[in-house]
Amino acid sequence: ETKVPTLGGLIVREYNDKYLFQIITEATYEGVHIDNFTRQPKIQNGHLTGKMAYSDYGIEIQMVNKNSIDSFTNLSGIYIPSVKETVQEVISMESALSFCEKTFTDFKDVEISDIRFVDANGEGVVINNFELLADNTKKPYEINLKSDVIDGNVKGYYRFNTIVPTFKHILAQQFPALLQDDGGYVKEAILENTNHFKYGFTIKDNDATNSLLTFFKSPVVLFSSVELAGNVDDLKDQFSLHVEAPYLAQKNKLIENSSIYVGNDSIDNNLTLNVKTTMPLKKGKMTLAVDGKGGNNMFNTDVSWVVDREEDFHGNIDLTMNLTRVQENDKLMATIDVNPTTLVFNDTAWYVHDSRIGVYDNNIRVKDFKVTCDKQFIRIDGRTSSDPDDELTVELQDINLDYIFETLQINNVTFGGYATGKIVASELLSKNPQLETKHFFVDGLE
């Protein structure tokens, strides 16, 4: 019997060369046991229809198969990615599907229309067109997607049911302490049985896309199309993802020239990460970049920025992270070294000193993190956890709060000045964090 994970969905199980249709009536998801699904599957004139609903969450899924039931051989079902008690949404769709052979790789086409994401008042988003066409009759295989929101193409060989084990296996080559081999990955020697494909997608800049982003409370909307491209290569233990977003909007702010690249080189066993964006500040635009590279349980990250204004504002933070497993209990431990760099604020240089941060078992230890400029300094030392006895101390000496608020993009603060004193924090990793100030004052409070 082949088990297919699903939640409240229609699944097909293969048993003794026969295919059995079944509705899941109970499940455990995100720690919540769900057992009061209602279902109305019907087979009429060789066609399958069904409706699944879960009343406590106000979720209803309707599915209509317009093709013969004989065309189905392996359908993974309807999967609800996030179920929360506060959600009161109805998700419905009409679909026409055609499958052959015994794997998802061999499907022919999927046409979905009238997809609705609406709240209890019937307001929300409607996607009128979604067409997925596959040609697996010739090699390499190819999938083409056309819809109101996204167009795209996948070309090569693919076994989508092994994508997650494939990525875990690839990343475990670079970070074995983080992702330990669970034996769920089997390397195939035949190309057609591997994940060996290139892909490219365009997320469209239109009302349908932005309505969908707004409905799901995305922090940004699109002011231009977003391009995604990359590849997966099982045989070389290699993958890549490249995202280009020329213009995004966050409320009344225009975010420009955003890009993300992540990929690995199986030859030198390194993972590479590059992120770049330009965003507006109160005075001038800031270009922010994150560049990382590493392998063998080590990853080096450089976070740099420069502000386009008359005065000099630039700097970078350089971090080196090492991952290990504690031998006694096999728990993950991260050690982060803060390397010396220079930060420039308003033509004035500040110096980041050597320090170390340790993360282990819901416990963070900061050892003498310090940034100085002559007699001015910021110093952080201590431990933070859910234990009230663990304290983290932030000590300030004549620090200009205006520069801190602007650099950290804290825009809802209406005061400034030069701060001196200590802030002691405890229980930061609990539901009731505590803050205490000691001998704290602000000179020139505005």
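Ser-259 is found in strand 18 of this predicted model. At a relative accessibility of 18%, Ser-259 counts as buried, because the limit for burial is under 20%. Apart from neighbours within four places in sequence, Ser-259 is in contact with Val-243, Glu-244, Asn-274, Val-275 and Lys-276.

Strand 18 (253–265) is one of the elements that cover the buried residues of helix 1. Strand 18 pairs with strand 19 in the antiparallel sense, over eight bridges. Within this pairing, Glu-256 has Thr-278 of strand 19 as its bridge partner. The two strands form a hairpin with four residues between them, in which Asn-269 adopts a positive phi near 60°. Strand 19 also pairs with strand 20, again in the antiparallel sense. That pairing runs over 10 bridges, and in it Lys-276 stands opposite Ala-289 of strand 20. Here too the strands form a hairpin with four residues between them, and Gly-284 in the turn has a positive phi of about 90°.

Glu-256 also takes part in a salt bridge, with Lys-285 as the other member and 2.6 Å between the closest N and O atoms. Glu-256 belongs to strand 18 and Lys-285 to strand 20, so the pair ties together parts that are 29 residues apart in sequence.

In total, the structure holds seven salt bridges. Among them is a contact between the side chains of Asp-381 and Arg-365, at 3.7 Å from N to O. Asp-381 is in strand 28 (residues 376–384) and Arg-365 in strand 27 (residues 364–373), so this pair ties together parts 16 residues apart in sequence. Asp-381 is partly exposed at 21% relative accessibility, and Arg-365 is partly exposed at 29%. A salt bridge is also formed by Asp-368 and Arg-379, with the closest N and O atoms 2.8 Å apart. This pair likewise links strand 27, which holds Asp-368, to strand 28, which holds Arg-379, across 11 residues. Asp-368 has a relative accessible area of 27% and is partly exposed; Arg-379 is partly exposed at 30% relative accessibility.

Helix 1 comprises the 12 residues 163–174. At 1.5 Å a residue the helix should span 16 Å, and its end C-alpha atoms lie 18 Å apart, which agrees. Its buried residues are Ile-163, Thr-166, Ile-170, Ala-172 and Gln-174. In an α-helix there are 3.6 residues a turn, so residues three or four places apart point the same way. The cover over the buried residues of helix 1 includes strand 14 (196–203), strand 16 (226–233), strand 17, strand 18, strand 19 (270–280) and strand 20 (285–295).

Strand 17 (residues 238–250) contains Tyr-247. Tyr-247 is partly exposed, with a relative accessible area of 36%. Together with Phe-223 and Leu-254, Tyr-247 makes a nonpolar surface patch of about 280 Å².

Over the whole protein, the secondary structure comes to three helices and 31 strands. Of the 446 residues, 38% are buried. Among contacts with a separation of 6 or more, 43% are between residues 24 or more positions apart. The accessible surface of the protein is about 25,300 Å², and 52% of this area belongs to carbon and sulfur atoms.

Conventions:
Residues are numbered from 1 along each chain as its sequence is written. This is a predicted model: local features need pLDDT of at least 70, side-chain atom pairs count only at pLDDT 80 or more; totals for chains, interfaces and linings use all residues. Side-chain values use heavy atoms; hydrogens and water are left out. Patches are made of residues with over 30% relative accessible area and no salt bridge: like charges are joined within 9 Å, nonpolar side chains (Val, Leu, Ile, Met, Phe, Trp, Tyr) within 5 Å. Accessible areas come from the Shrake-Rupley method with a 1.4 Å probe; for residues, only the protein chains shown count as cover. A salt bridge is a side-chain nitrogen of Lys or Arg within 4 Å of a carboxyl oxygen of Asp or Glu. Buried means under 20% relative accessible area, exposed over 50%, partly exposed in between (1.4 Å probe, protein chains only). The expected span of a helix is 1.5 Å times one less than its number of residues. Contact means heavy atoms within 4.5 Å. Two strands pair if DSSP finds at least two bridges between them.
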